[in-house]
Amino acid sequence: MKHDESSPGRLGAFQPSRRQFVTGLATSSVALGLGLARMPASAGTPARRGGAAITSGTDFALSIGATPVNITGRTRPAITVNNSLPAPTLRWREGDTVTVRVSNRLHNMTSIHWHGILLPSNMDGVPGLSFNGIAPGETFQYRFQLKQSGAYWYHSHSLFQEQAGLYGALIIDPREPAPYHCDREHVVLLSDWTDLDPAALYRRTKRMPGYDNYYQPTLVDFVRDARRNGLAETIEDRARWGRMRMTPTDISDINAHTYTYLVNGAAPDGNWTGLFKPGEKVLLRFINGSAMTYFDVRIPGLKMTVVAADGQYIHPVSVDEFRIAVAETFDVIVEPVGQDAFTIFAQDMGRTGYARGTLAVLDGLEAPIPVRDPRPVLTMADMGHDTGGHGARKGKEGGCGAMMGEGGCGANMAAMDHGSASISPNHRASETGSPLVDMQSSASEPRLEDPGIGLRDNGRVVLTYGAMRSLFDDPDGREPGRTVELHLTGHMEKFAWSFDGIPFASAEPLKLKYGERMRIVLVNDTMMQHPIHLHGVWSDLENADGDFHLRKHTIDMPPGTRRSYRVRADALGRWAFHCHLLYHMEAGMMREVRIEA
């Protein structure tokens, strides 16, 4: 199949309607289950795990198939690439033109999206927007020139196949020397695995969103809080959480009660190991390829110098720990000395489990595994509704009060003064009173210096967005010509997610004019954290003063935050714009972006 790279915005004859696209998503849910259950006869060999093969060059052949794996003690079907979980690590070089032939050995449609890569829209790999998808028995040829370098990843964009194993690392070597030195490097690809059929897990999450939230507040917690904060305030705090239909321990939708966390395809007992020699500088390319899990990463005994975020160089930052959102990548340099083994420890944000690997001078060595940190407890401040009480950040906002209607915390929650830098959110009529929206926050600040729930004041130096700064100035240089504000919305009990209270199936595309410089403002009205990814173009995060700060492809949005970034609309075509929590995207938090001449 040939594609005209000279016309990157050209989609040929393929112009599916929104109805066709949404119908395709619905029917794929059934097809995925069949594709996993009816593995082809050739899939009798267990998948390769514990570190993917590395393939380099400009010409690649990838075969997507269903393969049995045993991660938890049960043999289960996975979707693999070249019989590998994770998929092979692809090593490319900036400036080269690569050709990747992807063959589908499944019984249902498949696809590969090259996350964060600048390319023609018909090469982006999103069924229904970029192309038709890859039908069973067919081969699709991707071909594009590499305009960047750094650590990225690739994954399926066909319903739940990413959760089932179709993801891999992607490293693009720079044409010019990097602004740092290292003696060797390792990819550390983090992910989450479930023995359940991912489509069944999604249905369970829709029916019982709190299934994995074992940690409900107890009478002991109530007595402790009443002694510390006073009885009246404690009663009101419990009432506010009740009105928001949420508990302060509801950190993530799915956690280690369902998931096993992996490093390069290996469970904690598998102990993936990366070798080093004492005195070496080792580059670790961390990639969060999970479906739903935020990880907090540290290597006890070692400082980490962060040198790149989402593939782009930053001014080096020395830290003890960092939080990596789903789809983000961080490159860090460590200098292991003084002992023969160090543990790479990645605990989930809710502290229910962890992924583990080892840096060692020899295979088979281990270092102590740290005790997981205490479970974090959310406050009204974390939700953007601090009442001036004993939350993590004191403010002047009126909390989720008695005037809340059926639609949740509504316009009565408008922000009060936070200082000169604050901006009150402009809530849309489409979200106020919507049955798909159960709250509206008073988010008015970017909070770029906040390490996040569970990481504040933990005795370690923790990476923040504020601490990172691109090693280059704004590559565009223009001030944005217009601003678009979008609210991240949801309903916890219905597990419904959207932008502005409008799910993807009902939303009109966001249209950009080719070449324009615009600003996107995101306001997180929900009680959950969301990593937001815009395909095809860079997202240039602004600081609190509205200046260019950090170039990324995925912008993390904690609850109760307002963050803005600049976009240069320099890629014609139709692009996906969505939350990268897989089940949030499938539940509606997605938009189409059209860049038109």
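**Close-up 1. Helix α2 in the predicted model**. Helix α2 covers residues 198-207. Its buried residues are Pro 198, Ala 199, Leu 201, Tyr 202, Arg 204 and Thr 205. The model shown here, and in each view below, is predicted.

**Close-up 2. The start of α2**. Asp 197 sits at the start of the helix. One of its side-chain oxygens comes to within 2.9 Å of a backbone nitrogen. That nitrogen belongs to Ala 199, a residue that is buried in α2.

**Close-up 3. Cys 182 and Cys 579**. The structure has zero disulfides. Cys 182 has 24% relative accessibility. Buried means under 20%, and exposed means over 50%, so Cys 182 counts as partly exposed. Cys 579 has 1% relative accessibility, so Cys 579 counts as buried.

**Close-up 4. An open sheet of six strands**. The strands run in the order β22-β21-β24-β29-β26-β27. Their pairing is mixed. The edges are formed by β22 (496-499) and β27 (548-552). Each edge strand has a single partner, so one side of each has no neighbour in the sheet. From one strand to the next, the twist averages 25°.

**Close-up 5. The pairing of β24 with β29**. Strand β24 spans residues 517-524, and strand β29 spans residues 562-568. The two strands pair in the antiparallel sense. Seven bridges link them. Arg 517 lies opposite Arg 568 of β29.

Definitions and conventions
Residues are numbered from 1 along each chain as its sequence is written. This is a predicted model: local features need pLDDT of at least 70, side-chain atom pairs count only at pLDDT 80 or more; totals for chains, interfaces and linings use all residues. Side-chain values use heavy atoms; hydrogens and water are left out. Buried means under 20% relative accessible area, exposed over 50%, partly exposed in between (1.4 Å probe, protein chains only). Helices (H or I, at least four residues) and strands (E, at least two) are DSSP runs, numbered from the N terminus. A polar contact is a pair of N or O atoms within 3.5 Å; within protein, one must be able to donate a hydrogen and the other to accept it, and residues adjacent in sequence count only if both atoms are side-chain atoms. A disulfide is a pair of cysteine sulfur atoms within 2.5 Å. Two strands pair if DSSP finds at least two bridges between them. Axes are lines fitted to C-alpha atoms, for helices over the stretch in contact, and angles run from 0 to 180 degrees between N-to-C directions.
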